[in-house]
Amino acid sequence: MFTYQLATNQDIPGVLNLQEQNLASNLTEEERKRGFVTTPFTEAQLREIISLNGLYIAKNQQKIIAYLFAGSWDYFSQWEIFNLMVSRFRHLSFQDQSITTQNSFQYGPVCIDIQYRGLGHFNQLFEIMRLAYVRKYPISVTFINKVNQISTAAHTRKLGWQIIDEFQFNNQEYYGLALDMSQSVLTQK
């Protein structure tokens with residue numbers, strides 16, 4: 001039986017284990033073609049995001065099969081890539097709205113155990129988070145490494161994200177994406 005819920009501190013070991021299995025720096029080039037995450041979170045950072053109700057998980061029985069982060073730009077400011085993204089907001093808009101730190105939040109990373117990909121867990125987990133965040137934020141923003149074609153396709157095709165920006169960071173190329181939070185992702189493909 002699959003469940004989708006906010007994470008608790010008891011879920012930290014399972015999240016860290018899934019992170020280690022999918023962290024780009026731990027994968028071969030061939031393995032990265034199936035998708036990866038780039039931001040390694042520490043136990044302390046996980047405890048903080050959990051306290052802010054920003055970590056969502058999917059479980060099969062007691063095994064964590066997916067996680068999804070969401071949070072304010074204040075939380076994510078501890079990583080330079082997010083500060084770069086915020087600095088670019090003054091040049092960006094989405095659906096005729098300026099993007100600000102007040103009307104948007106950072107979504108991601110999301111990670112799904114390779115055995116459970118393509119089975120609808122992504123949309124289910126995202127919808128749980130969307131319902132909580134739409135009350136405060138009309139826009140969600142994220143980034144995807146351009147070489148992570150699996151993630152780009154999943155976000156744009158399955159959830160309807162739109163690419164609104166392209167930028168470089170640490171010699172890597174990224175897409176900046178935005179999503180209208182008022183639209184349910186369960187109606188997407």
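Helices here are DSSP runs of H or I with at least four residues, strands are E runs of at least two, and both are numbered from the N terminus. Okay, so what you have up there is a predicted model, where local features need pLDDT of at least 70, side-chain atom pairs count only at pLDDT 80 or more, and totals for chains, interfaces and linings use all residues. Residues are numbered from 1 along each chain as its sequence is written, and side-chain values use heavy atoms, with hydrogens and water left out.

Overall picture: the chain has 7 helices and 9 strands. Its C-alpha trace spans about 45 × 35 × 35 Å along the principal axes. Of the 189 residues, 48% are buried, meaning under 20% relative accessible area, with exposed being over 50% and partly exposed in between (1.4 Å probe, protein chains only).

Now let's look at helix 3, residues 43-51. Which of its residues are buried? Gln-45, Leu-46, Ile-49 and Ile-50 are. Remember, an α-helix has 3.6 residues a turn, so residues three or four places apart point the same way. Over on the other side, Ala-44 and Ser-51 are exposed.

What covers that buried face? The cover includes helix 1 (12-22), helix 4 (73-76), strand 2 (55-60) and strand 3 (63-71), going by contacts, that is, heavy atoms within 4.5 Å. And after helix 3 comes Asn-53, with a positive phi near 55°.
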